[in-house]
Amino acid sequence: MDQKIKALREQMEQRLNLVDSREKLSAFWQDFLGKKGSIAELMKGLGAVAKEERPAVGKLINEFKTFAEQRYQERSEKIDELELQERNRREQVDITLPSSRRQQGTMHPISIVRNEMINVFANMGFEVFEGPEIEDDDHNFTRLNVPKDHPARDMQDTFYISEDILLRTHTSPGQIRVMDHEKPPIKVLVPGRVFRSDSDATHSPMFHQMEGLVVDKGITLCDLQGMLDQFVRRMFDAEVRTRLRPSYFPFTEPSVEVDVSCFECGGKGCGLCKHTGWIEVLGGGVVHPNVLKNCGIDPDVYSGIAFGIGIERITMLKYGINNMGLLFENDLRFLKQFKD
Ligand code: DAH
């Protein structure tokens with residue numbers, strides 16, 4: 001038996017030297033230490049050993065078993081170590097390599113200007129409301145004092161979806177939606193997309209507007225001019241002045257077109273202002289009493305002012321862009337020039 005154990009021990013050492021993976025280690029366990037392994041076989045052979053010798057031989061086998069388990073444990077730790085080394089080698093990072101560049105996006109110029117405009121008006125106490133882009137005829141025209149067959153409807157070439165449903169042609173229907181749900185004092189901005197069947201260097205079938213509405217007791221045209229003065233100075237330059245020209249919109253009376261003194265030439269006349277010294281930036285006026293009435297607000301008690309600003313126009317003026325198409329072509333070479 002002694003000889004047998006000795007031979008098995010040698011065999012085991014040889015096998016162990018070849019064990020360099022988890023799979024081989026587990027095969028080793030099965031062959032030597034498993035239920036049907038060599039050591040279990042030795043135990044079975046104990047029956048054939050003479051009775052007096054049995055305790056001594058049994059002890060020998062047990063010692064060998066403990067020894068084999070120890071060697072197994074050592075090898076297992078060694079394999080852990082080898083695997084870790086291998087993993088470290090595989091996952092090694094060369095921190096001196098140049099990093100791959102991550103493309104960083106930029107805000108679209110229209111968004112930059114819209115946010116800037118909202119900021120300026122928010123500082124004057126305006127809140128923001130957003131209305132739907134698909135509107136009904138009632139909100140877009142009729143309740144804004146533009147009844148069916150009114151010639152003023154021709155001012156806005158409309159995309160109709162059905163007889164009564166359309167893509168809003170301006171952000172003004174937002175006024176109605178706000179006044180339907182809020183009582184004065186009201187001070188809101190309605191930014192958003194608007195749509196008209198119109199397309200050339202200065203017109204796009206989809207563009208952006210920013211509507212403003214203030215309703216309270218004693219609001220006059222002077223309030224409009226005061227607010228817009230503030231607005232253009234903050235958006236363009238502290239020296240810029242505004243000028244109101246009479247105009248016509250069915251939803252305001254009186255109606256005005258607002259010009260700013262040319263910030264390129266200071267009013268002397270240049271290419272940007274077409275040699276007039278002034279640049280038109282928006283339309284506005286005193287809210288027509290019919291519009292207030294249509295929203296259940298008594299025009300004998302309250303009055304309001306409203307304005308609509310084209311965001312593309314402000315963006316083009318601010319950055320000196322001469323073709324509106326550039327804003328919608330999504331050419332990264334153009335868009336990357338704008339940083340928030
Ligand atoms: N909705 C007008 C347009 O798109 C702009 C406008 C004019 C808005 C006068 C107003 C306003 O609120 O009072 O042409």
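In which helix do Glu86 and Arg90 both lie, and how many residues apart are they? The legends below, which describe a predicted model, begin with this pair.

View 1. Glu86 and Arg90 both belong to helix H4, which covers residues 54-90, and they are four residues apart, or about one turn of the helix. Their side chains meet in a salt bridge, with a distance of 3.8 Å from N to O. Glu86 counts as partly exposed because its relative accessibility is 34%, whereas Arg90, at 55% relative accessibility, counts as exposed.

View 2. Glu116 pairs with Lys318 in a salt bridge whose closest N and O atoms are 2.9 Å apart. Because Glu116 lies in helix H5 (residues 109-122) and Lys318 in helix H10 (residues 311-319), the pair ties together parts that are 202 residues apart in sequence. Glu116 is partly exposed, with a relative accessible area of 26%, and Lys318 is partly exposed too, with a relative accessible area of 28%.

View 3. The side chains of Asp137 and Arg153 meet in a salt bridge of 2.8 Å, taken from N to O. This pair links distant parts of the chain, since Asp137 is in helix H6 (residues 137-140) and Arg153 is in the loop between H6 and strand S3 (165-167), 16 residues apart.

View 4. The structure holds 22 salt bridges.

Technical notes. Residues are numbered from 1 along each chain as its sequence is written. This is a predicted model: local features need pLDDT of at least 70, side-chain atom pairs count only at pLDDT 80 or more; totals for chains, interfaces and linings use all residues. Side-chain values use heavy atoms; hydrogens and water are left out. A salt bridge is a side-chain nitrogen of Lys or Arg within 4 Å of a carboxyl oxygen of Asp or Glu. Helices (H or I, at least four residues) and strands (E, at least two) are DSSP runs, numbered from the N terminus. Buried means under 20% relative accessible area, exposed over 50%, partly exposed in between (1.4 Å probe, protein chains only).
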